[in-house]
Amino acid sequence: MNILKIAAFSDGERGGNPAGVVIQPTLPADREMQAIAAELGFSETVFAMPQGQGWRVRYFSPEAEVPFCGHATIALGAALAMHYGDGDFPLQLNQASISVSGQYQAGRLSAALQSPPTRSAPVAAALLQEVLALFGLSPAQLSPELPPALIHAGADHLLLAVQERATLSAMRYSLGAGRDLMRRAGLTTILLLWAENRQCFHSRNAFAAGGVYEDPATGAATAALAGYLRDIGWEHGGHIEVIQGEDMGQRSCLHAAIPPEQGSSIRISGRARLMEPAH
């Protein structure tokens, strides 16, 4: 079995979020896919096989299957472009149908995905209190312009926007306590966010539910964030940039194009870089 290692949403030839990519005529058994993801240790590994005119796709973190992963989808789009040439590739996920486009030109990889539909809702007071306690935050540290929310674009996330960049840099939490809270609440990640301006954001994503302390780039959460900004009437001008992973030393750059229709798919794009293949 050939496993590609591709860092998605890279900042040129550095940074990005590594993902494992496995493309085969048939998908391995569930137990084998979970074992491969655990052995690689990346936040996600994506598995794809041909199905009709497109691809059947599943995503596994080191500890559990997840319904959708943006950075692994970008990595898959880059891998498909390497194998089959530039193009658009329909993807059938467990709970949604999406697409990814990939480009491989002069050794440079890039990809863009169309997310599942988006939605957002307020956070229940009891859950918000738990999450604030987990990160050692007070309500006074939160941004009044970007209220806490449950956000969705193929997976569920909880958004906490803070007023100061230093609060983002100081993010700390207990992995065990975070895992318990997030699994109980059905959250894929908890997204901490700081708005540099109306179109540029800095984020950190706690991914304890998947057994990973933090993700350096999270396309699914960025798509959900873009849908949330649309829902609250944020003046985004049709697109945003999210800088993630800086505090981990893995700077990543994610771009989101936001159409006006409420709940509609978000286009997430970025660079990718090929890491060494593993077997």
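How many bridges join E13 to strand E14?

Author: Three bridges join E13 to strand E14 (residues 212-215), and the two run antiparallel. This is a predicted model, in which local features need pLDDT of at least 70 and side-chain atom pairs count only at pLDDT 80 or more, while totals for chains, interfaces and linings use all residues. Residues are numbered from 1 along each chain as its sequence is written, and side-chain values use heavy atoms, leaving out hydrogens and water.

Strands (E, at least two residues) and helices (H or I, at least four) are DSSP runs numbered from the N terminus; two strands pair if DSSP finds at least two bridges between them. E13 and E14 form a hairpin with four residues between them, and Gly 211 in the turn has a positive phi of about 80°.

Buried means under 20% relative accessible area, exposed over 50% and partly exposed in between (1.4 Å probe, protein chains only). In helix H5 (residues 175-185), the buried residues are Gly 178, Leu 181 and Met 182. These cover an arc of only 95° around the axis, which puts them on the same side of H5; the arc is that of the directions from the helix axis to the C-beta atoms. The face of H5 turned away from this buried side carries the exposed residues Asp 180 and Arg 184. Just after H5, Gly 186 takes a positive phi of about 75°.
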